[in-house]
Amino acid sequence: MSILKVHIYGSPILSKIVDPILKITDDLHKIVDDMFETMYSEDGIGLSANQVGLDMSLCIVDFNLAEDKLGKKVFINMEILEKEGECLGEEGCLSVPDIREKVNRAKKIKIKYQDINFNEIEEEYIGFPARVLQHEYDHLHGIFFVDRLSPLKKSFLKSKLKRLQELSINEQ
Ligand code: NI
């Protein structure tokens, strides 16, 4: 397994809608393993493929890290079918280091996705797991959690975000 480079705010691949995955390949198993390895090394709970520079609709979550006992999961081509309620909770992101803010999310979601064996699955998530999945879903659609803040709150982060963007350009 290898640790992949995590792209940060400003990297173009984080600002586009990723491509769907059409079939499971051996490559994909390796990518998933490397993504878990990368996520654990960075102390993350969830990670999207485009955060490691891959243009594909894939994200991983280890819900055990949030004490939710749902285990490790792989979500391919995730779609959110229903959203219910609202709740405010703190979020951070491996691609937006050193910033944590409260974000409004749906409290409960119903999703559809394919697992690593390409089985179609429909599930409901509530509370923190639902928050993590909405955060990853946003990544796969080019949206950062800071984009969900009010314009005023986001304006307070302007210089920090600009610095990340510059850092990201220098890395390319
Ligand atoms: Ni994130």
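This is a predicted model: local features need pLDDT of at least 70, side-chain atom pairs count only at pLDDT 80 or more; totals for chains, interfaces and linings use all residues.
Local features require pLDDT of at least 70 and side-chain atom pairs pLDDT 80 or more, while totals for chains, interfaces and linings use all residues. Residues are numbered from 1 along each chain as its sequence is written, and side-chain values use heavy atoms, with hydrogens and water left out.

The chain contains four helices and seven strands. Both are DSSP runs numbered from the N terminus: helices are H or I with at least four residues, strands are E with at least two. Their order along the sequence is α-β-β-β-β-β-β-β-α-α-α. The C-alpha atoms fill a box of roughly 45 × 40 × 25 Å along the principal axes. The radius of gyration, taken over C-alpha atoms, is 15 Å. This agrees with the value near 16 Å that a compact globule of 172 residues would have. The globule rule is 2.2 Å times the number of residues to the power 0.38.

Of the 172 residues, 45% count as buried. Buried means under 20% relative accessible area, exposed over 50%, and partly exposed in between (1.4 Å probe, protein chains only). The accessible surface of the chain comes to about 9200 Å². Carbon and sulfur atoms account for 51% of that surface. Areas come from the Shrake-Rupley method with a 1.4 Å probe; for residues, only the protein chains shown count as cover. Contact means heavy atoms within 4.5 Å. Among contacts between residues at least 6 apart in sequence, 65% join residues at least 24 apart.

Val74 is found in strand 3 (residues 72-84). Val74 is buried, with a relative accessible area of 14%. Residues up to four places away in sequence aside, Val74 touches Val32, Phe36, Leu58, Cys59, Ile60, Tyr113, Gln114, Asp115 and Ile116. Ser159 is 85 residues from Val74 in sequence, and their C-alpha atoms are 35 Å apart. Val52 occupies the loop between strand 1 (46-48) and strand 2 (58-62). Val52 is buried too, at a relative accessible area of 10%. Beyond neighbours within four places in sequence, Val52 contacts Leu4, Lys5, Val6, His7, Met35, Thr38 and Leu47. Val52 and Ile3 are 49 residues apart in sequence and 9.5 Å apart in space, C-alpha to C-alpha.

Aromatic side chains were examined next. The whole structure holds six aromatic pairs. Rings of Phe, Tyr and Trp (its six-membered ring) pair if their centres lie within 6.5 Å; planes under 30 degrees apart count as stacked, over 60 as edge-to-face and the rest as tilted. The ring centres of Tyr9 and Phe144 are 4.7 Å apart and the planes stand at 50°, so this pair is tilted. Tyr9 lies in the segment before helix 1 (26-41), and Phe144 in the loop between helix 2 (128-139) and helix 3 (151-156). The pair therefore ties together parts that are 135 residues apart in sequence. Tyr9 is buried at 10% relative accessible area, and Phe144 is buried at 3%. Phe63, Phe75, Tyr113 and Tyr125 form one aromatic cluster. Lys72 lies over the face of Phe36, 4.5 Å from the ring centre. A charge sits over a ring if NZ of Lys or CZ of Arg is within 6 Å of the ring centre and within 35 degrees of the ring normal.

The search for disulfides (pairs of cysteine sulfur atoms within 2.5 Å) finds zero in the whole structure. For Cys59, the nearest cysteine sulfur is that of Cys93, 12 Å away. Cys59 is buried, with a relative accessible area of 0%. Cys93 is buried at 11%.
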